[in-house]
Amino acid sequence: MPLKVLDATIATFDGVFEKFRAESTKNKANFILFLADIDPSTNLSWCPDCVRAEPVIYKKLEASSDDIALLRAYVGDRPTWRTPQHPWRVDSRFNLKGVPTLIRWENDAIKGRLEDHEAHLDHKIGSLLNAN
């Protein structure tokens with residue numbers, strides 16, 4: 001079971017993040033993917049960049065033979081995300097500016113990140129995955 005996925009919302013993030021951090025040393029790589037919620041009316045993310053990036057990210061991480069943890073952090077609906085005081089926009093640990101954002105988390109800090117405009121690029125995901 002190389003890819004272990006944890007899901008969190010704004011409300012559940014602190015508890016799930018603590019579990020993610022506690023288990024991080026067991027994995028070769030740890031990632032946090034900040035992404036938009038699913039729109040119930042379409043059953044798709046309200047964020048077109050998320051729709052484009054998610055399958056590429058999952059395929060790349062699932063193809064690895066290493067133990068990898070992925071924390072999917074859902075930012076909420078569009079109005080929630082657009083709020084300047086969104087918790088992850090103002091959290092200095094993440095300084096989130098857009099979704100999707102894929103972060104490599106190592107030693108309790110960001111080791112690398114791909115922002116919304118590049119999170120769908122296979123070669124960049126690969127570089128982030130293989131960073132030492």
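Which residue forms a salt bridge with Lys4? Glu23 does, with the closest N and O atoms 2.4 Å apart. A salt bridge here is a side-chain nitrogen of Lys or Arg within 4 Å of a carboxyl oxygen of Asp or Glu. The model is predicted, so local features need pLDDT of at least 70 and side-chain atom pairs count only at pLDDT 80 or more, while totals for chains, interfaces and linings use all residues. Residues are numbered from 1 along each chain as its sequence is written, and side-chain values use heavy atoms, with hydrogens and water left out.

**Salt bridges**

- The whole structure holds 11 salt bridges.
- Helices (H or I, at least four residues) and strands (E, at least two) are DSSP runs, numbered from the N terminus.
- Glu23 counts as buried at 18% relative accessibility, whereas Lys4 counts as partly exposed at 27%.
- Buried means under 20% relative accessible area, exposed over 50%, and partly exposed in between (1.4 Å probe, protein chains only).
- Arg21 and Glu18 also meet in a salt bridge, at 2.8 Å from N to O.
- Both of these residues lie in helix α1, 3 residues apart, about one turn of the helix.
- Asp108 forms a salt bridge with Arg21, and the closest N and O atoms are 2.6 Å apart.
- Asp108 lies in the loop between β6 and β7 (109-114) and Arg21 in helix α1, so this pair ties together parts 87 residues apart in sequence.
- Arg21 is partly exposed at 28% relative accessible area, Glu18 is partly exposed at 44%, and Asp108 is partly exposed at 43%.

**Nonpolar core**

- The largest nonpolar core has 41 residues.
- Such a core is a set of buried Ala, Val, Leu, Ile, Met, Phe, Trp, Tyr and Cys residues joined through side-chain atoms within 4.5 Å.
- Ile32 and Phe34 have the most contacts inside this core.
- The elements giving two or more residues to the core are β1 (3-8), α1 (13-23), β2 (29-35), α2 (48-63), β5 (68-74), β6 (101-106) and α5 (122-130).
- Beyond its neighbours within four places in sequence, Ile32 is in contact (heavy atoms within 4.5 Å) with Phe17, Phe20, Leu71, Ala73, Phe94, Thr101, Leu102, Ile103 and Trp105.
- In soluble globular proteins, nonpolar side chains tend to be buried together.

**Aromatic residues**

- There are 10 aromatic pairs.
- Rings of Phe, Tyr and Trp (its six-membered ring) pair if their centres lie within 6.5 Å; planes under 30 degrees apart count as stacked, over 60 as edge-to-face and the rest as tilted.
- The rings of Phe17 and Trp105 are edge-to-face, because their centres are 5.4 Å apart and their planes stand at 70 degrees.
- Phe17 is in helix α1 and Trp105 in strand β6, so the pair ties together parts 88 residues apart in sequence.
- Phe17 and Trp105 are both buried.
- Ring pairs join Phe13, Phe17, Phe20, Phe34, Trp88, Phe94 and Trp105 into a cluster.
- Arg89 lies over the face of Trp81, 3.8 Å from the ring centre.
- A charge sits over a ring if NZ of Lys or CZ of Arg is within 6 Å of the ring centre and within 35 degrees of the ring normal.

**Cysteines**

- The structure holds 0 disulfides (pairs of cysteine sulfur atoms within 2.5 Å).
- Cys47 counts as buried at 5% relative accessibility, and Cys50 is buried at 0% relative accessible area.
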